[in-house]
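The following note is intended for a colleague who is meeting this structure for the first time. Please read the points in order, with the sequence and the model at hand.

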Amino acid sequence: MIIIAFGIGPASKIVIVFLMAFFPIVMSAQKAMLTLDQNLIKAARTFSASEFQIFKTIALPSTVPFLLNGIRLGIGQGLIAVVEDELFASTAGIGNQLTSNGQNLQTDCMFVGVLVITITGIILTSLLGIIERRYSSWKPENS
């Protein structure tokens, strides 16, 4: 349906990747909001903290680790989605190249495409892991 609506070009890839990555991030954000310590929020309001101060000092430190975890899951889903989209409806890209090489029995070229996808996933996950370690001290113990 998305390919019919947006065509074979990059717009359909962007929409599909967005949709595949959106839900893990939203689910992680929902889980993050459930971990907010209501006693801390009540204490901050007792001391006349503004909404921005509550966000900056309570909500953000509590939710960032969960959001980063959702983004990590979204990266994997997004990579799968873009390759899948290129496999079925594309005139270029790694997925299209994999299909073409598979049909022509060029397994060596196919494995290069798989290796590129794998390395891309490893690099993106590693970069996010570095950011995640930076904020790991913010993760609450009771989650």
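Which residues in helix 4 meet which residues in helix 6?

1. The model under discussion is predicted. In it, Pro65, Leu68, Asn69, Ile71, Arg72, Ile75, Leu79 and Val83 in helix 4 meet a set in helix 6 made up of Ile117, Thr120, Gly121, Leu124, Thr125, Leu128, Gly129, Ile131 and Glu132. By residue class, this contact of helix 4 with helix 6 divides into 10 nonpolar, 5 polar and 2 charged residues.

2. Two packed helices are described by the angle and the distance between their axes. Helix 4 spans residues 51–88 and helix 6 spans residues 107–134; their axes come within 10 Å and cross at roughly 170 degrees. Because angles over 145 degrees count as roughly antiparallel, helix 4 is roughly antiparallel to helix 6.

3. Helix 5 covers residues 94–103, and Gly95, Leu98 and Asn101 in this helix are buried. Viewed down the axis of helix 5, the buried residues fall within an arc of 130 degrees, so they line one face of the helix. These buried residues pack against helix 4 and helix 6. Just after helix 5, Leu105 takes a positive phi of about 55 degrees.

4. The largest nonpolar core has 6 residues, namely Leu36, Ile41, Ala44, Ile54, Ile58 and Ala59. At least two residues of this core come from each of helix 3 (38–46) and helix 4, and helix 4 gives the most, with 3 residues.

5. Leaving aside residues up to four places away in sequence, Leu36 touches Ile41, Ile58, Ala59, Ser62 and Thr63.

Methods. Residues numbered from 1 in each chain as written. Predicted model: local features only at pLDDT ≥ 70, side-chain atom pairs only at ≥ 80, totals over all residues. Heavy atoms only, no water. Axes fitted to C-alpha atoms, helices over the stretch in contact; angles between N-to-C directions. Helix = DSSP H or I, 4+ residues; strand = E, 2+ residues; numbered from the N terminus. Parallel < 35°, antiparallel > 145°, perpendicular 65-115°, else oblique. Contact = heavy atoms within 4.5 Å. Nonpolar A, V, L, I, M, F, W, Y, C, P; charged D, E, K, R; others polar. Core = buried A, V, L, I, M, F, W, Y, C linked by side-chain atoms within 4.5 Å. Buried < 20%, exposed > 50% of the residue type's maximum accessible area, 1.4 Å probe, protein only. Arc of directions from axis to C-beta.
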